[in-house]
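Here are my notes on the model you asked about. Have it open while you read, and take the points one at a time.

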Amino acid sequence: MSETVRGVIARRTGAPVELVDVVIPDPGPHDVVVRVQSCGVCHTDLHYREGGINDEFPFLLGHEAAGVVETVGESVTHVSIGDFVILNWRAICGECRACRRGRPWYCIDTSNASKSMTLIDGTELTPALGIGAFADKTLVHERQCTKVDPAADPAVAGLLGCGVMAGIGAAMHTGNVSRGDSVAVIGCGGVGDAAIAGARLAGAATIIAVDRDPRKLAWARQFGATHEIDASAEDVVERIQELTGGFGADVVIDAVGRPETWKQAFYGRDLAGTVVLVGVPTPEMTLELPLIELFSRGGALKSSWYGDCLPERDFPMLIDLYHQGRLPLEHFVTERISLDEVEKAFDAMHHGDVLRSVVVW
């Protein structure tokens, strides 16, 4: 039977979000209904609200979530009722070109629920990243659920569903940070601090945090930064070189995604070093660089999508590291809020007052 729950939607570009009744249909054969226990307020949700993703309004926002499987479709085998799961937006299909070539982190045919959640009047909702978890319950494909240790705090675990995984993976998977490496991370919000945590897990010896906000530089220390650069007062490239023996960092991660920060990353790396772009640029941004610079400096220029992660491999492992005290996921949770406070959380995010606001039930 379908049921009605509360959910947060964006009805049109730039308008404040609304708390409304949302109808959850019966799950299809491979669908599950998840009772949401936590959902982080991510920049991507704000992009949806502002029309920066597409114009398929109204959106059911929220995607960085954890919860308990409550109902399953008749053909579901991947999870069972009662499982504690982190929701993910990369439900690997196993059949597309990327999957067949052994690169499933580039999967281009990820699975989503077979039915649409709706408003009371029948208007179909577009779930953010195929999840839509700013709601008491949500409908997703079974492969969008990754089972993890139920002892984990849902507010902490759910953050692996997007931003924290994107940052950790940018360092460990895309950047291939190795023991003893030097790493610089430009932009120390949630994704940047997660990249710092990932570099620390990978054994980096020097981890340089770069930001213009003293609060964020202070936060970066608790995730493993060994040095800080105030980008408002220092030349970022020169300072990175000073802190790395004059060479530049082995890996520089741009967690901002602007032409000026990418150039800092490019010139702040060591010869044949790696640049990882994980911050998301806007469509109108362009980059101009002498081609000879690309040739003469060598190395690798990479983009990181979702940290090149595989949820089934990475989420359980990272939860284990959290339980061991080796990954301080709890430090990402700045505040715990209710479902009707999402709009306030967007404002706090805009002013840089939080790493993550997390809706908890």
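**Notes on the model**

1. Start with a side-chain pair: Lys147 and Asp83 are joined by a polar contact of 3.4 Å (a polar contact is a pair of N or O atoms within 3.5 Å; within protein, one must be able to donate a hydrogen and the other to accept it, and residues adjacent in sequence count only if both atoms are side-chain atoms). Along the sequence these two sit 64 residues apart, yet their C-alpha atoms are 6.4 Å apart in space.

2. Before going on, remember that this is a predicted model, where local features need pLDDT of at least 70, side-chain atom pairs count only at pLDDT 80 or more, and totals for chains, interfaces and linings use all residues. Residues are numbered from 1 along each chain as its sequence is written, and side-chain values use heavy atoms, with hydrogens and water left out.

3. Where is Lys147? Look in strand S10, residues 145–147 (strands, E, have at least two residues and helices, H or I, at least four; both are DSSP runs numbered from the N terminus). Setting aside neighbours within four places in sequence, Lys147 is in contact with Asp83, Phe84, Val85 and Pro316, where contact means heavy atoms within 4.5 Å.

4. Now zoom out. The protein splits into domain 1 (3–161 + 328–360) and domain 2 (167–305), with bounds that come from an automatic or database domain assignment. Their C-alpha centres lie 29 Å apart, and the contact takes 10 residues from domain 1 and 12 residues from domain 2.

5. How much area do domain 1 and domain 2 bury between them? About 1,100 Å², with 67% of it on carbon and sulfur atoms; buried area is the accessible area (1.4 Å probe) that two parts lose on being put together, summed over both.

6. The rule finds one salt bridge across the interface of domain 1 and domain 2, a salt bridge being a side-chain nitrogen of Lys or Arg within 4 Å of a carboxyl oxygen of Asp or Glu.

7. Two backbone details deserve a look. A cis peptide bond, with omega about -5°, joins Phe57 and Pro58, and Pro58 lies in the loop between helix H1 (43–49) and strand S4 (59–60). Asn176 is not a glycine, but has a positive phi of about 50°; find Asn176 in the loop between helix H4 (163–174) and strand S11 (182–186).
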